[in-house]
Amino acid sequence: MKSTQDVYILGIESSCDETAASVVKNGREILSNVVLSQIDIHKLYGGVVPEIASRNHVEAIDKVVSQALSDANVTLKDLNAVAVTYGAGLVGALLVGVSYAKGLCQASGLPLIAVNHIEGHICANYLTYPNLEPPYLCLLTSGGHTAIVNVLNYDDYDVICSTVDDAVGEAFDKVARVLGLPYPGGPQVDKLSKQGVPKYKFHSVIVSNGNFSYSGLKTAVINLVHNAEQKGETLNNADVASSFTVTAIDGLIDRLRQIIQTQSVKTVAIAGGVGANSYLRQQVKQFEQDGITVCMPALSLCGDNGAMIASRGYYMYLKKEFADLSLNACPTLKLRGQRPV
Ligand code: KG4
Ligand code: ZN
C-alpha cells in the first residue's frame, strides 16, 4: 500500500525507437520498467525510420504504460505526477509520448513534468546507486550526445567539453554499417572488437580546444575499408572494430583524466547508451585505482528507458517544476549549462 510520504512518478519515454514507461518511488527505487524496443522493425532499414518509429509508438504506448502501472501494482490514483521526455529526439516520436502524457494528466488531474532526455540519462545513476549525490563528474555518451559534464546539483550542470560534430554513438553506428554489421551498430562493434587487436592507428578525437570530433575518425575508418576494397585486400573487421573502439573511447578517457587532474573530483559517473560499451566501462573503472568512486548505471539503464525519466521527474517534482498542457516536443533540446562549441 502506498505511503503518503512517498512520491510515485510515472516516467514515459518515446524519443527514438523505444517505447518505455516506468514507475519509480522517491526518484531511486524502480517499481516497474517496461521497455518495448522497435529494433527488429528498424533493422530491416539499417537505421531508425522516423515515421515508422512514431507509428509504432502510437500503437504501443497505451499497452506499455498500462503494463508499467500493473507491474508496479499501482493505479493512476497512487501516482504523484507524470514525467515525460519532451526533447531531444525525433519530433514525431517525442510528440507521441508528450501527447499521451498530456491526455493522462488532463484526465487524472496529475501534474505534468517535462523531462530533458539527457538529464534523464544522468539520473540513471541514481537508480543504480541509491546513495549517489551531486556533485560529480559525468561522461555522457549516447547516440546524439557526447560531453563531459560537472553535475553541480540535481538541477544544474556545467558542460566542460562536448563534441563539435558527430556523437560517439553515431560514429559507432556508422562504423558498424561500413563493416556490414546490423543496426543498432554499437553493441555489434563492441562484440566484434573483443576478437580483434587495435592495430590501426587513427588521430585522437580530442580537438585543440579540448572538445571532441568524431566525424574525422568515422571518415578515417570508412576510407580504410574502402581503400582495402579497391585494392582487393581483405581486412580483418575485428581489428578495424577494435582500432576504432580504442580511439573513440581513449579520447574520452584521456580528457576525463585531464579534468580529474585539474579539479578535485571525488566521483565519476557515466550515462547514455554508449555507457554500455565494455571497453569504456573497463577504462572508466580504472579511475578507482586513483581513489575515485566510479558509478556506472546497470546495463539495462544505459539505453533509453522510462525509469531514468521518472527519476529526473522526481527531482523536478520536489521543486514543483510542472509543465502545462501547451507542452510541445523540442527535438534539439540542449542540456542546461551547455555552451556553444
Ligand atoms: O542513449 P541511447 O540509447 O539513445 C540516445 O539517447 O541516443 O544511445 C544509443 C547509442 C547508439 O548509437 C548505440 O549504437 C550506442 O548507444 N550503443 C553502444 C553500445 N550499446 C549501445 N555503443 C557502443 N557499445 C555498446 N555496447
Ligand atoms: Zn537516450
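Is Arg312 buried or exposed? At 0% relative accessibility, Arg312 counts as buried, where buried means under 20% relative accessible area, exposed over 50% and partly exposed in between (1.4 Å probe, protein chains only). Here are some notes to go with your own look at the structure.

This is a predicted model, in which local features need pLDDT of at least 70 and side-chain atom pairs count only at pLDDT 80 or more, while totals for chains, interfaces and linings use all residues. Residues are numbered from 1 along each chain as its sequence is written, chains are lettered from A and ligands numbered from 1 in the order in which they are written, and side-chain values use heavy atoms, with hydrogens and water left out.

1. Let us stay with Arg312. Its side chain meets that of Glu119 in a salt bridge (2.8 Å, N to O); the term stands for a side-chain nitrogen of Lys or Arg within 4 Å of a carboxyl oxygen of Asp or Glu. Glu119 sits in helix 4 and Arg312 in helix 11, so distant parts of the chain, 193 residues apart, are linked. Helices (H or I, at least four residues) and strands (E, at least two) are DSSP runs, numbered from the N terminus. Glu119 is buried, as is Arg312.

2. Arg312 also forms a salt bridge with Asp155, with the closest N and O atoms 3.2 Å apart. Here helix 11 is linked to the loop between strand 7 (146–151) and strand 8 (157–162), where Asp155 lies, 157 residues apart. Asp155 is buried too, with a relative accessible area of 9%. Salt bridges that share partners join Glu119, Asp155, Arg312 and Lys319 into one network.

3. The whole structure has 11 salt bridges. One of them pairs Asp6 with Lys25, the closest N and O atoms being 3.8 Å apart. Asp6 lies in the segment before strand 1 (8–13) and Lys25 in strand 2 (residues 18–25), so the pair ties together parts that are 19 residues apart in sequence. Both Asp6 and Lys25 are buried.

4. His121 counts as buried at 2% relative accessibility, and Asp304 at 15%.

5. Aromatic side chains deserve a glance. Rings of Phe, Tyr and Trp (its six-membered ring) pair if their centres lie within 6.5 Å; planes under 30 degrees apart count as stacked, over 60 as edge-to-face and the rest as tilted. By this rule the count comes to seven aromatic pairs. The rings of Tyr314 and Tyr315 have centres 4.9 Å apart and planes at 85°, so this pair is edge-to-face. Tyr314 is buried at 13% relative accessibility, and Tyr315 is buried at 8%. Ring pairs link Tyr126, Tyr136, Tyr154, Tyr314 and Tyr315 into a cluster.

6. Finally, Lys320 lies in the segment after helix 11 and counts as exposed at 64% relative accessibility.
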